[in-house]
Amino acid sequence: ALVGAYSASADGVSYSGAAYGIPFNREAWNEKSKLTASDKAADDQFGTSVSVDGDVALVGTAYADPDGASDAGAAYVFERSAGGTNAWGQVAKLTASDKAEGNCFGHAVNVAGDVALIGAYAASPGGVFIAGAAYVFERDAGGTNAWGQVAKLTALDKAASDWFGWSVSLAGDVALVGAVFADPSGLSEAGAAYIFERNAGGTNTWGQVTKLTAPDKAASDWFGTSARVAGDVALIGVYQADPGGLTNAGAVYV
């Protein structure tokens, strides 16, 4: 298990953040490792998001300032035995190729095998204000264990303040990205989610194949608050939905 603590003050660095690795032993969930960024800085909030798959851990740091770009965001890759047996050492720092101030890259992360998906919900692709974006990295892109960027995902119908990239998920050749403030059918902030596939439109192009919305969508539902894909099933959280007329009781759609 990997647990983020984004407001921790690691080594006395205020709000630099941390993440904790807990061995999967149901009888004694004891802390095994404490992860921090090698270049930690105040207010980075390392641990904003976390993901783990096998011997690889991915930690988002949405408010990091790579290359001096305030709150552009970053994500860090750790491996179990990098630097020693079970040492969980840092092996890479990921940033967007087009990083910009305030993008919050790393707000959502997911790693699956040799692929990492990272959301930057406050990015403004094509000059569309806070439409949002998500980035795909692969382990050996650009060199052995280089974790290079291979794709930038945006919605085909992107619009201002959609917050595409608020949630992300990966399974094999499928990526799922939530756009929590999208306005499907003109319903303000009803929310949407988008499915991309690795070879849609060309080899390794990660093209959009469908857009998901709730059949009973309503304004301010925030469909896409959370998202998970596994095999042929997608699960979308809608935490402000009003099932049965119960205000903000929330719902999940399969």
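## Close-up views of a predicted model

**View 1. An open sheet of three strands.** In this predicted model, three strands make up an open sheet in the order β1-β2-β3, with antiparallel pairing; strands here are DSSP runs (E, at least two residues; helices are H or I, at least four), numbered from the N terminus, and two strands pair if DSSP finds at least two bridges between them. Because β1 (2–5) and β3 (33–35) stand at the edges, each with a single partner strand, one side of each is left without a neighbour in the sheet. On average, neighbouring strands of this sheet are turned by 25° against each other, direction ignored, where axes are lines fitted to C-alpha atoms (for helices over the stretch in contact) and angles run from 0 to 180 degrees between N-to-C directions. Strand β2 (residues 18–21) runs antiparallel to β1 and is joined to it by four bridges, and Leu2 has Gly21 in β2 as its bridge partner.

Residues are numbered from 1 along each chain as its sequence is written, and side-chain values use heavy atoms, with hydrogens and water left out. As the model is predicted, local features need pLDDT of at least 70 and side-chain atom pairs count only at pLDDT 80 or more, while totals for chains, interfaces and linings use all residues.

**View 2. Strand β17 and its partners.** Strand β16 (residues 223–230) and β17 (residues 233–238) run antiparallel and are joined by six bridges, with Ser226 having Gly237 in β17 as its bridge partner. The hairpin of β16 and β17 has two residues between the strands, and in it Gly231 takes a positive phi near 60°. Three bridges join β17 to strand β18 (residues 251–253), again in an antiparallel arrangement, and the bridge partner of Val238 in β18 is Ala251.

**View 3. A nonpolar patch on the surface.** Val233, Leu235, Val252 and Val254 form this patch, with about 390 Å² of accessible area together. Patches are made of residues with over 30% relative accessible area and no salt bridge, with like charges joined within 9 Å and nonpolar side chains (Val, Leu, Ile, Met, Phe, Trp, Tyr) within 5 Å; the areas come from the Shrake-Rupley method with a 1.4 Å probe, and for residues only the protein chains shown count as cover. Val233 has 45% relative accessibility and so counts as partly exposed (buried is under 20% relative accessible area, exposed over 50%, partly exposed in between, with a 1.4 Å probe and protein chains only).

**View 4. The largest nonpolar core.** This core has 19 residues, and those with the most contacts inside it are Leu117, Leu153, Phe164, Val177, Phe196 and Trp206; a nonpolar core is a set of buried Ala, Val, Leu, Ile, Met, Phe, Trp, Tyr and Cys residues joined through side-chain atoms within 4.5 Å. Apart from it lies another core, of 18 residues, among them Val56, Ile118, Ala123 and Trp147.

**View 5. A salt bridge between Arg139 and Glu79.** The side chains of Arg139 and Glu79 meet in a salt bridge (2.6 Å, N to O), defined as a side-chain nitrogen of Lys or Arg within 4 Å of a carboxyl oxygen of Asp or Glu. Because Arg139 lies in the loop between β10 and β11 and Glu79 in strand β6 (residues 74–79), the pair ties together parts that are 60 residues apart in sequence. Arg139 counts as buried, at 15% relative accessibility.
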